[in-house]
Amino acid sequence: MAKNVVDLNLRGHSSEIRTVLQLRDGRLISGSLDNTIKVWNVVSGNCEATMIGHTSSVDCVIELSHERVASGSNSGTIKLWDIHAYQCLITINSGNGYIRSLMELKDGSIASATIKSLHVSVINVWNGKLGTCITTMAGHRLTELKDGRLVTTSDEEIVVRDIGGCVK
């Protein structure tokens, strides 16, 4: 078998692609500096949909439960999308800054890492159904432990937090 042979070229974004992710059903989803999200069929190479709604670059995408995806933008907005209807369900405005990363927590809430300025980054936890902010804390990066606690980083330390099941 030949190595490093191009099998597909997926073209359609009009600017740099900032993020790409394979969905559980095998399709790819990509976000770009052109402010759009595209859903790709990796068998045919066709773009199945272009999701429009962000006003700035799409810098991160994640797959959520219940056949949804979330996208984070350089404008500080997070959008939750129905991945089959290609419709925006909720828009969350995190304020100034850009969304660096997103994560769905075990309880269905969504955590975002937002860069506010050169030295200020925050972690927000959002209600995944309503889009309301549950809590805000300092931090640059985040992950969730198997027991449900949230791990955040800030400069020289790692902080483990019990945020107590935000959404029931």
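## Strands, cores and salt bridges in a predicted model

Strand S2 (residues 28-32) is mostly covered, since 4 of its 5 residues are buried, where buried means under 20% relative accessible area, exposed means over 50%, and partly exposed lies in between (1.4 Å probe, protein chains only). Strands (E, at least two residues) are DSSP runs, numbered from the N terminus. This is a predicted model, in which local features need pLDDT of at least 70 and side-chain atom pairs count only at pLDDT 80 or more, while totals for chains, interfaces and linings use all residues. Residues are numbered from 1 along each chain as its sequence is written, and side-chain values use heavy atoms, with hydrogens and water left out.

**The neighbours of S2**

Two strands pair if DSSP finds at least two bridges between them. S2 runs antiparallel to strand S1 (residues 17-22), to which 5 bridges join it, and Gln22 has Leu28 in S2 as its bridge partner. The hairpin of S1 and S2 has 5 residues between the strands, and Gly26 in this hairpin takes a positive phi near 100°. S2 is also joined by 4 bridges to strand S3 (residues 36-40), again in an antiparallel arrangement, with Ile29 standing opposite Val39 in S3. Between S2 and S3 there are 3 residues, and Asn35 in the turn of this hairpin has a positive phi of about 75°.

**The open sheet**

In the order S9-S10-S11-S12, 4 strands form an open sheet with antiparallel pairing. S9 and strand S12 (133-138) stand at the edges with a single partner strand each, so one side of each is left without a neighbour in the sheet. Within this sheet, strand S10 (residues 110-117) and strand S11 (residues 120-126) are joined by 7 bridges, and Ala111 stands opposite Val125 in S11.

**The nonpolar cores**

A nonpolar core is a set of buried Ala, Val, Leu, Ile, Met, Phe, Trp, Tyr and Cys residues joined through side-chain atoms within 4.5 Å. The largest such core has 12 residues, among them Cys60, Ile78, Ile92, Ile110 and Trp126. At least two residues of this core come from each of strand S5 (58-64), strand S7 (77-82), strand S8 (87-93) and strand S9 (98-104), and S5 gives the most, with 3 residues. A second, separate core of 10 residues includes Leu23, Ile29, Val39 and Met51.

**Salt bridges**

The structure holds 8 salt bridges, each being a side-chain nitrogen of Lys or Arg within 4 Å of a carboxyl oxygen of Asp or Glu. The table gives three of them.

| Side chains | Distance, N to O |
|---|---|
| Arg18 and Glu16 | 3.4 Å |
| Arg18 and Asp59 | 3.1 Å |
| Glu104 and Arg68 | 3.6 Å |

Glu104 in strand S9 and Arg68 in strand S6 (residues 68-73) are 36 residues apart, and their pair links distant parts of the chain. Glu104 is partly exposed, with a relative accessible area of 21%, whereas Arg68 counts as buried at 13% relative accessibility.
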